[in-house]
4 protein chains.
Amino acid sequence: MPEPDGLSSYRERLEMSFKPETTHRTGAWIAGVRGDIAATLMVGTWARAAGLVSDAGLTTAMPPLSDLSLVRPDNIRFGGLDIGGARLAETAASLYKRSRTIDRDLLKAMSDRLVETEKDVLDLPEMAWDSGGKSESDSARLKDVISVVRTHIRAFKERHRLERVIVVNLTSAQPVPASPLPGDTLGDLEQAIEDNRRDLITSSICYAYAALSESCPYVNFTPNEETKCPGIVELAELRRIPFCGDDGKTGETLIKTALAHMFAYRNLQVLSWEGVNLLGNNDGKTLQQPRNRETKLRHKENVLENILGYQPHAGVTINYVPSLGDWKTAWDLIHFRGFLDVPMTMQFTWQGCDSILAAPLVLDLIRLADFAHRKGEYGPMRQVAAFFKDPQGVEEMDLHRQYGLLLDYAARHLTRSSEKQGTA
Amino acid sequence: MPEPDGLSSYRERLEMSFKPETTHRTGAWIAGVRGDIAATLMVGTWARAAGLVSDAGLTTAMPPLSDLSLVRPDNIRFGGLDIGGARLAETAASLYKRSRTIDRDLLKAMSDRLVETEKDVLDLPEMAWDSGGKSESDSARLKDVISVVRTHIRAFKERHRLERVIVVNLTSAQPVPASPLPGDTLGDLEQAIEDNRRDLITSSICYAYAALSESCPYVNFTPNEETKCPGIVELAELRRIPFCGDDGKTGETLIKTALAHMFAYRNLQVLSWEGVNLLGNNDGKTLQQPRNRETKLRHKENVLENILGYQPHAGVTINYVPSLGDWKTAWDLIHFRGFLDVPMTMQFTWQGCDSILAAPLVLDLIRLADFAHRKGEYGPMRQVAAFFKDPQGVEEMDLHRQYGLLLDYAARHLTRSSEKQGTA
Amino acid sequence: MPEPDGLSSYRERLEMSFKPETTHRTGAWIAGVRGDIAATLMVGTWARAAGLVSDAGLTTAMPPLSDLSLVRPDNIRFGGLDIGGARLAETAASLYKRSRTIDRDLLKAMSDRLVETEKDVLDLPEMAWDSGGKSESDSARLKDVISVVRTHIRAFKERHRLERVIVVNLTSAQPVPASPLPGDTLGDLEQAIEDNRRDLITSSICYAYAALSESCPYVNFTPNEETKCPGIVELAELRRIPFCGDDGKTGETLIKTALAHMFAYRNLQVLSWEGVNLLGNNDGKTLQQPRNRETKLRHKENVLENILGYQPHAGVTINYVPSLGDWKTAWDLIHFRGFLDVPMTMQFTWQGCDSILAAPLVLDLIRLADFAHRKGEYGPMRQVAAFFKDPQGVEEMDLHRQYGLLLDYAARHLTRSSEKQGTA
Amino acid sequence: MPEPDGLSSYRERLEMSFKPETTHRTGAWIAGVRGDIAATLMVGTWARAAGLVSDAGLTTAMPPLSDLSLVRPDNIRFGGLDIGGARLAETAASLYKRSRTIDRDLLKAMSDRLVETEKDVLDLPEMAWDSGGKSESDSARLKDVISVVRTHIRAFKERHRLERVIVVNLTSAQPVPASPLPGDTLGDLEQAIEDNRRDLITSSICYAYAALSESCPYVNFTPNEETKCPGIVELAELRRIPFCGDDGKTGETLIKTALAHMFAYRNLQVLSWEGVNLLGNNDGKTLQQPRNRETKLRHKENVLENILGYQPHAGVTINYVPSLGDWKTAWDLIHFRGFLDVPMTMQFTWQGCDSILAAPLVLDLIRLADFAHRKGEYGPMRQVAAFFKDPQGVEEMDLHRQYGLLLDYAARHLTRSSEKQGTA
């Protein structure tokens, strides 16, 4: 049977691209490393390095960002932790099966590497705070968890002789703690850890704390807001480490922040902007829990007021529809008023594959966090605001202006580097 | 029967707003003055001046543009020409009847003013070039037409003691002349007028020529491209008159130019962007003619390449659906490729009322052309690129960047004016 | 100002159509008589009788139903009850204002008749069971309420010398009683009324009880299920009165029951059918209450299993979006599996005006209930299953088969009537 | 790497299902045997026989049709003709590559059988009438073509000891001959063949003529209308052979004929029904040719008048969008008028895979044509009207009533067969 072009030689081309002598300078240590996004990230990074797929989806593959000396994707080594769950190769296979996104042949060619990556995965038992009901004695103490994570990150770095490890949070939405930390210094945070206050401290805060303690740049792709915890921010300043978040902007909110200004420019007054999100992946299952959903919705709801200057009626519905798998389908109705107060409507339907949209953003963020750390930058990475629903350190919600921050950042570095060359 | 609030007192409030002593400083002399857009423009301008409707739809009603000393809408006097057709009051009534956009009570309150405006309307016989087949002897000579138009504009200005008249082209899409003018100087244009070359010179070129000869700023809201004619551009330079065009951006193209960058930023590769426009007004009927449609489509098709940097498969279909009246319905399918080359889709439906969307833009443009002329600016008005499908003098197609030009323009004038105040 | 054709002569044509000598043979006594549907019903019935609008929306205006000797719409006299609220003329005016459905001139011409109809409206104080928290002493006893309603119906019939009164329930969705009646005979129902068990007996049950006690045919257009109460069914049998319900089928469910069979015929396996309803009228506001929504959703959810033979994942979301007014917008996503188990999708958007869709159905039902009663038929009216989400006495949910029941019914009556003529 | 369940054992399960001793009683001889639909048909038929996929998409797999003694799908042997083009296995592979519909592992397991089937494929040179310009001498004479086809069908039948061969036309839409045959008898048809009138006789007519001459039941799945040719109908009567057509109903028209009655039942007057079809397969490419498109559109346009009883404004647009591959995307806007003449809208988007929708219908039709022939039935198969856009011998266009014809047919045969068993 004839092969679709090139499929047969996938394995060979992959092997060629993985030269043993390649220095894996940068590590990406991922919390939630066996999930859909992480599996897609790895398969996609390797496939692209081997020239099997295009650059599509990667912002950092385009000028001017591609002119910065970002880490090469094939120089990134993956590891991380997960709470049980399917092996990486199973996750990848089920992505094909459920959503037919990743090519079967590609998956087969990758299977050895996925299996090998498992060696760098820490299996963490599920902790009481994630599952609710368990009694305290069931689970490890917070400081033990943090210690285990730090040790694993350190070992990962040493084992592969990595120059730098970026820690990325790709876990699911968690319930917001019922009450905030009592006090907002790093000392207060460390005291609460010491006191094992699992009612106040989420696992995401633990990952951020462990990462920064190990001087690793930190990327929060989840809505869990650990990067808003004052103790975490203080720790990042203290260690002089860059970090970014919250909540990767991949679907409906991406469009909202790209489109809302159109109404503002024309003084078309938005009466209602009603959004419905249907999704069938684990994320969707988690978001059926009202408290987890609340965490998510928070970021989706405040973007319109920021861009329009007033708050229209804006409902956001998230429904779990298992058969859709990873294919998130969003429908939005925008009801607006024009000249002579005549009401009109726009509606859109977005049919995107969640992990396919998210994974390249994560790769972009790893490369940009690595770059920022190398350049000695620290604190919130304002330049990547366009990647997040609720960007740390940036008020602006409009996608176009946010993207301008990234272009300015690139321009500054490119000027500096050409000036250096000029003086040299 | 109880009245919806305020409707009963419309006439009174209107009468109060039209103070006889008001100086109508600026005239808007419109080619196509009895069409839907012009009728909506007048009713809307008066209703807003009387406080009966909100500012919705007007860009110039918002800061920073509202901080410029633009002409007050109630200081604009309307007039123009049309080729037969229904009276203005009939056009307005039929807008209500066909599309239920303008409130009946509002229309009734306006009827006297619409009737009065007819006094400033020049009834021009349809000329051979617009209708195709007629023999030359059937119609007036080009230079006679231009002369009649100039005389009418001059009389309009004098009758109402206007400081300045803005000429606006709101006629339908015309077939592009089969061949261009032989030569590209003002002299060549004038020779062709002298030779009565109706195969080369459209009525729109005549209107532009007449306007500029009378030193009137010129706004081309149609796709007819008279503002691209080199002789016209030369005349504007010579007379030091500002002008702008082409083709008001009100619906599908507006969204395209607002949204396409989202795909570019994320390196989501657009494979196909297929647009379908259904409309039932006169514009729709005219666009059933293949040669008129061609004029229109030209501007709709080249925006994507400009923004994306490559040309995706991009079809634009325009179908005439009489029952929709003025409610233009556009459906677009965007097929794009993300990470791992996975194809995904977005689609949107836009249900907007054509004249309700277009009229406030025309009012904005009249105010801005008046301002530019007052300030001694001339040539293509780059600051209003965001209002046009194919803006004169600006390559940029992205709505957000185009709007940036307008903000910069406003900022320049506001700074200057505050500096003046500072020195005073 | 020229008038849209015929508008100016509305009042005259209306006056001609209301001949004083006309015998109003049939009364329509409506619970919820000041609501949007009732107001639309009256205006529409009168406008059609005067020839001002077409027959659109009326099933009974088409053959074969128009061949039955149904009561003429202009022979129907309206009355009923409501719980405070705006006057009828205000309701009608606000329909125009909020939703621009009914023509202003039409409304003005109708205003006298709407005001006159108020004379036949019973103002009932809101009762504790509808509003929840009030203590028992705040409100009238059930048997007093029923007595007042019966007296009013009787007076209405006598005042206008009506041959027959049809009672129609057009009130909002009510919470389902927490527990069912203890016992399922008419005796049990009457005992509960005597005991004033407002925790078990809804206002809708009272209206049905009063209607049937007065030998009036009963139409339940609401989801309130009083026609499922065994005591009510027994009473209808005892009095030999026809009745029908529940829950008028006007939007999303109408389409579902028209379309679902397409998937069944082709063995296209529906994986998920997700429906979202946005609405901004009183009905929408009421349905924000979880217990009222539950009543409504019950009927929307079971139609698919009946038609497909299996239950797909089927979510129904109802969101209140005030700016939409009466324009209910429904979006449905149907995810289905075809040959080789390939998943495919269909989606639809329905933009319908709720009361414009519901009112003609109510007029159809009044005419058919009147006819059935005249012919001596009683019990559940199976022939009108196509009008309801949850038809009494019929299991079939498919619209096409339900409509077949109506055609068969008409055919039976037409055959019988032509046979009679044959024998005469 | 773990296998998605069962994929690894595909080949084994396939081999088990193809027992050498199986009698292939029925042949399916397909014109256009190397196209997408035919390849999907074969892969799907074999995969289902091996239990690798569900019955989805197959009408004949459901009661009551599954209770008829239809030929088992694994007892069908495939063959046919094509005009050059890719080999079957290549077609199948490219279906995966372009549209990701058929599972890669499934395709691999099928490759041997697809290659083997090529032995039963007649390679016919493209004939002048299909390509237009060639001179007469370039191509074979009509009677030679018919003779070659007949010989091939006969050999196919004998080689595999088939009881019966069904001939199926799955070629593309052809231009309608400029003028009809002069005369409408079989004799006239045969004279035109003798005279080699390629201006009057399409290749589809040749296939039908050859099939019926060989006493093979004939299924026309194309819009080419050879089954309307009077000489062909006469030949079918003469030979007592069943046939059916025209134009498989798979997408937009399917929905139209399922949904239009909803508007009719409610007297909702359809003002406009505007349909847009985007497709990227060979069919789409062919339909870019205006004359081929005309053939197709003819059947799409007349269904509404038949169902509604009047002709609304009904445009059908077909655009070729290569990136969509086999994923046909249709968008329809339905503009209709309800009570009080208020206009409302419904729109739907259909995203279906063309060959996945068509192939199971072809399998259903092969089984039903085989059954009809076995039972001695002949002439137009009215029972399969629901499968066609323009069903032979049936005026009814409503899907539900058409499906009723199939149910009645099944019921008649099942009663007869149970009666026989009763008497036995």
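Helix α8 (residues 203–213) and helix α9 (residues 230–239), both in chain A, pack with their axes 9 Å apart at an angle of about 10 degrees. That makes α8(A) and α9(A) roughly parallel to each other, because angles under 35 degrees fall in that class. Keep in mind that this is a predicted model.

So who touches whom here? On the α8(A) side the contact has A:Ile205, A:Ala208, A:Tyr209, A:Leu212 and A:Ser213, and they meet A:Ile232, A:Leu235, A:Ala236 and A:Arg239 of α9(A). Sorted by class, the residues of this contact come out as 7 nonpolar, 1 polar and 1 charged.

Now for another helix pair in chain A. Helix α6 (residues 142–159) and helix α7 (residues 186–194) of chain A have their axes 7 Å apart, at an angle of about 105 degrees.

| Helix pair | Angle | Axis separation |
|---|---|---|
| α8(A) and α9(A) | about 10 degrees | 9 Å |
| α6(A) and α7(A) | about 105 degrees | 7 Å |

Stepping back to chain A as a whole, its secondary structure comes to 15 helices and 11 strands. Of its 424 residues, 64% count as buried. What share of the contacts in chain A between residues at least 6 apart in sequence join residues at least 24 apart? That share is 79%.

On to the rings. Over all chains, the structure holds 30 aromatic pairs. One of them is B:Trp331 with D:Trp331: the ring centres are 5.4 Å apart and the planes sit at 5 degrees, so the pair is stacked. Each partner lies in a strand β9 (residues 327–337), B:Trp331 in that of chain B and D:Trp331 in that of chain D, so the pair joins two chains. Are these two tryptophans buried or exposed? Both B:Trp331 and D:Trp331 are buried.

The rings of C:Phe371 and C:Tyr409 have centres 6.3 Å apart and planes at 75 degrees, and since over 60 degrees counts as edge-to-face, that is the label they get. This pair links distant parts of the chain, 38 residues apart: C:Phe371 belongs to helix α14 (residues 354–374) and C:Tyr409 to helix α15 (residues 399–423), both of chain C. C:Phe371 and C:Tyr409 are both buried.

There is also an aromatic cluster, formed by A:Phe263, A:Trp273, A:Phe336 and B:Trp350.

The charged end of C:Arg266 sits over the ring of D:Phe387, 5.8 Å from the ring centre.

Last stop, a loop in chain D. D:Asp195 is found between α7 (186–194) and α8 (203–213) of chain D. With a relative accessible area of 43%, D:Asp195 is partly exposed. From D:Asp195 to D:Val276 the sequence separation is 81 residues, and their C-alpha atoms are separated by 41 Å.

Conventions
Residues are numbered from 1 along each chain as its sequence is written. Chains are lettered from A and ligands numbered from 1 in the order in which they are written. This is a predicted model: local features need pLDDT of at least 70, side-chain atom pairs count only at pLDDT 80 or more; totals for chains, interfaces and linings use all residues. Side-chain values use heavy atoms; hydrogens and water are left out. Rings of Phe, Tyr and Trp (its six-membered ring) pair if their centres lie within 6.5 Å; planes under 30 degrees apart count as stacked, over 60 as edge-to-face and the rest as tilted. Helices (H or I, at least four residues) and strands (E, at least two) are DSSP runs, numbered from the N terminus. Buried means under 20% relative accessible area, exposed over 50%, partly exposed in between (1.4 Å probe, protein chains only). A charge sits over a ring if NZ of Lys or CZ of Arg is within 6 Å of the ring centre and within 35 degrees of the ring normal. Axes are lines fitted to C-alpha atoms, for helices over the stretch in contact, and angles run from 0 to 180 degrees between N-to-C directions. Angles under 35 degrees count as roughly parallel, over 145 as roughly antiparallel, 65 to 115 as roughly perpendicular and the rest as oblique. Contact means heavy atoms within 4.5 Å. Ala, Val, Leu, Ile, Met, Phe, Trp, Tyr, Cys and Pro count as nonpolar, Asp, Glu, Lys and Arg as charged, and the others, Gly among them, as polar.
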